[in-house]
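Good morning, everyone. Please look at the structure on the screen while I describe how its parts are arranged.

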Amino acid sequence: MQTIPDDITRHSRHSLTAGLGDTLRAEFCKLRSVRSTYWTLFAALAFNVTFAAVEAIFLPGRLSEHDKATLDGVRVSLGGSHLSQIAFSVLGVLFIASEYTTGMIRVTLAAVPRRRLVLTAKVTVFAATAVVAGIAVSFIAYFVFQGLLRGENLRSSIGDPGVVRALIGGGLYLAVLGLLGLGLGAIIRASAGAIAALFSLLFVPQVLVQLLPDSWKTAIGPYVPMEAGSQIFSQHREAGALSPWVGFAVFSLYAGIAVIIAFVLIDRRDA
Amino acid sequence: MIEATGLSKRYGETVAVDDLSFIVPPGQVTGFLGPNGSGKSTTMRMIIGLDSPTAGVVTVNGRRYGEYIRPLLQVGALLDARAIHGGRSAYNHLLWLALSNGIARRRVDEVLDQVGLRSVATKRVGGFSLGMSQRLGIAAAMLGNPSILVFDEPVNGLDPEGVLWFRTLIKSLASQGRTVLLSSHLMSEMAITADRFIIIGRGRLIAQTSVEELLARGDGGFVLVRSSQASALAAMLKNRGATVECQTDGTLRVTAMTTETVGAIAADIAIVLMELSAHSPSLEATYMQLTGDSVEYRTSDGASASDER
């Protein structure tokens, strides 16, 4: 039995990326070989399409003059994202936390001892999958909404300024939220705990901000995660809100911090 | 070859592994023994880089595990057969493992055949029995055709046929020149499977030796005698230098004397023997004797608790 010199990190010229291709293939295989992936993505699609259809059919009849002037049709058509974000973030959490919960992480880390490579591959595979799925879900919801809409209120065309950006943004929002879940899952290392932390981070600031004095509310309000992130799926910018891309950058920062903490911790802790 | 030098692991105040040095040579099956909580699993986790040692180093084929880009080609390990995602099929579980180390897909089919799981390859592993999970774990360990194999309690949950299959398998793996490290609580199984032993207690090395040397270190055997005139015989045997213990069932447990001598003495004084038998030392007895001081979890009647973790 001989050792194979090519397989030694120290002797490789590409030691940082060596094995990345293998690890990406392995992580993609994991993602597509469990049912929960298909269930959560199907749930996201169902939430968005159902919401879009219900709004298209019932909302126009209930619109006040004020609503007609202020409501953003694209944002309304993506209203289901408030539900499908739960599916995406749970998928992100499960992608890594289920390995800790079942103990399979020890098999993973024995196969790929460079742990940051594992996390890099997980983040990459998840981000790519979630961006594609998220954008698809957003476009489908938009076309369902526009297709079922009666009358001219809330109507827009795919060619109108800001519409394509908002639809792609809706997909990016879902993907980044999933990455936040993935980061929290890697930090907390238990599915239930990570999901609880994720929802606290999303909904608690949203509620707390409402209790603050008005001056604080205007200062802090736009920066809480969901408020900042959701600007990207409006066609028009709301008064007092961050611009779509600035808001999205703030939102991405939350996920980025979680993922960076995960990168620091994964090398320091015993598996 | 696995080589540990001054290996230590502390969790806060608790010392799990304490300055442990040993060598697991190729071409043999090495049994890894020790009471519960003695540090076997921690040591095995350090071998495959899951826990990092507080001090010391352990190498596999001359390098630390973490230095290998494709470690499954060097070391195959089965530490916990239940530590798999229950929603994935056996085939897909092995497939992602193969992909992670650039191993050809045909190896997945080969190892599934080898462990006899071909017919359930597409079934989700959540429905597997413990024995089937063990077989899947053994398949995963063999996937990269590694020169080193590490198994923690591998026959746990296997049926008698499975135990025999596994024993034959690892003996053949060792005879091909591979290094095999195997932990088990089943002393009788270890006695017929392992060629040599590493015994630890409270994280320290107690013995590192071949089966023969290990047995020689124990008390040696004893002679069992049954007679209607036990007390008279006992007095005479003691007189002639034997150590005699009268047991509750009326038999005599004689050490430091052969069956021949006991028989001759009995004949001399015309005592009738109903039974005279030699008992060689068992691995289990020797093991108990060596680890007697280092058992961590002991029940009040003196027997050690047997449930792991």
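Two strands are said to pair if DSSP finds at least two bridges between them. Helices (H or I, at least four residues) and strands (E, at least two) are DSSP runs, numbered from the N terminus. This is a predicted model, in which local features need pLDDT of at least 70, side-chain atom pairs count only at pLDDT 80 or more, and totals for chains, interfaces and linings use all residues. Residues are numbered from 1 along each chain as its sequence is written, while chains are lettered from A and ligands numbered from 1 in the order in which they are written.

I begin with the sheet of chain B. Six strands form an open sheet in the order 5-6-7-3-8-9, with mixed pairing. Its edge strands, pairing on one side only, are strand 5 (75–78) and strand 9 (204–210) of chain B. Strand 8 (residues 196–201) and strand 9 of chain B run antiparallel and are joined by six bridges. Opposite Leu205(B) in strand 9 of chain B stands Ile200(B).

Now to the contact between the chains. Residues are in contact if their C-beta atoms, placed from the backbone, lie within 7 Å. Chain A contributes 33 residues and chain B 41 residues. On the side of chain A that touches chain B, helix 1 of chain A gives the largest share, six residues.

Lastly, which helix of chain B holds Met288(B)? Met288(B) lies in helix 10 (residues 283–291) of chain B. Met288(B) and Gly34(B) are 254 residues apart in sequence, yet 9.5 Å apart in space, C-alpha to C-alpha.

Notes
Two residues are in contact if their C-beta atoms, placed from the backbone, lie within 7 Å.
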